[in-house]
Amino acid sequence: MKFVIQRVSHASVEVEGETIGKIGKGYLVLIGVSGEDTKEIADKMVKKMLGLRIFEDENGKTNISLEDVKGELLLISQFTLYANCKKGNRPSFIEAGAPDMANALYEYIIEQCKTAGFPVQTGSFGADMKVSLLNDGPFTIVLDSKEIL
């Protein structure tokens with residue numbers, strides 16, 4: 001599982017010209033699910049993401065959590081995080097999870113974040129989405145379950 005976490009001042013997602021998700025200060029998270037991922041892996045990834053202290057404190061140090069700033073989450077599914085570009089110029093996506101399984105884990109992640117008490121907005125799984133954001137920093141973190149678990 002991969003999460004690309006961007007600290008944002010605001011972010012939104014549109015499908016067919018209609019805004020379906022919009023947040024203020026918080027995280028825009030692109031979520032990639034592989035064929036090997038499980039709910040247990042998702043639980044660990046969500047816990048790590050929600051515990052990150054990447055907002056600045058009064059001294060300009062990244063020492064404040066999403067909860068501390070009353071931040072919001074915009075969660076977007078993105079299978080292209082599992083693009084394999086080793087051979088040729090056309091990426092292969094065979095490492096990405098099958099759509100039904102990936103969508104189920106994406107929905108599970110959404111529910112876990114809501115259960116943890118965070119305001120959550122989402123994209124639309126499998127849709128052609130237009131994502132807008134103002135990256136604060138810029139500050140972007142990549143969490144890869146193969147590297148952190």
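This is a predicted model: local features need pLDDT of at least 70, side-chain atom pairs count only at pLDDT 80 or more; totals for chains, interfaces and linings use all residues.
Residues are numbered from 1 along each chain as its sequence is written, and side-chain values use heavy atoms, with hydrogens and water left out.

**Fold and dimensions**

- The protein has 3 helices and 8 strands, where helices (H or I, at least four residues) and strands (E, at least two) are DSSP runs numbered from the N terminus.
- Read from the N terminus, these elements follow the order β-β-β-α-β-β-β-α-β-β-α.
- The radius of gyration is 15 Å, which agrees with the value near 15 Å for a compact globule of 149 residues; the radius is taken over C-alpha atoms, and the globule rule is 2.2 Å times the number of residues to the power 0.38.
- Along the principal axes, the C-alpha trace spans about 45 × 40 × 30 Å.
- Of the contacts with a separation of 6 or more, 74% are between residues 24 or more positions apart, a contact being heavy atoms within 4.5 Å.

**Surface and charge**

- The accessible surface comes to about 8500 Å², and carbon and sulfur atoms hold 48% of this area, as computed by the Shrake-Rupley method with a 1.4 Å probe.
- Of the 149 residues, 39% count as buried, meaning under 20% relative accessible area with a 1.4 Å probe and protein chains only.
- There are 17 positive and 21 negative side chains, and the centres of the two sets lie 5 Å apart; Lys and Arg count as positive and Asp and Glu as negative, while His and the chain ends are not counted, and the charge is placed at NZ of Lys, CZ of Arg, CG of Asp or CD of Glu.

**Nonpolar cores**

- The largest nonpolar core has 29 residues, of which Phe 3, Tyr 27, Met 49, Leu 73 and Leu 75 touch the most other members; such a core is a set of buried Ala, Val, Leu, Ile, Met, Phe, Trp, Tyr and Cys residues joined through side-chain atoms within 4.5 Å.
- Helix 2 (99-115) is one of the elements that each supply at least two residues of this core, and helix 2 gives the most, with 7 residues.
- A second, separate core of 11 residues includes Val 4, Val 15, Leu 30 and Met 129.

**Ser 34**

- Ser 34 is found in the loop between strand 3 (26-32) and helix 1 (39-51), and is buried, with a relative accessible area of 6%.
- Beyond residues up to four places away in sequence, Ser 34 touches Met 1, Tyr 82, Glu 95, Ala 96, Gly 97 and Met 101.

Notes: Buried means under 20% relative accessible area, exposed over 50%, partly exposed in between (1.4 Å probe, protein chains only).
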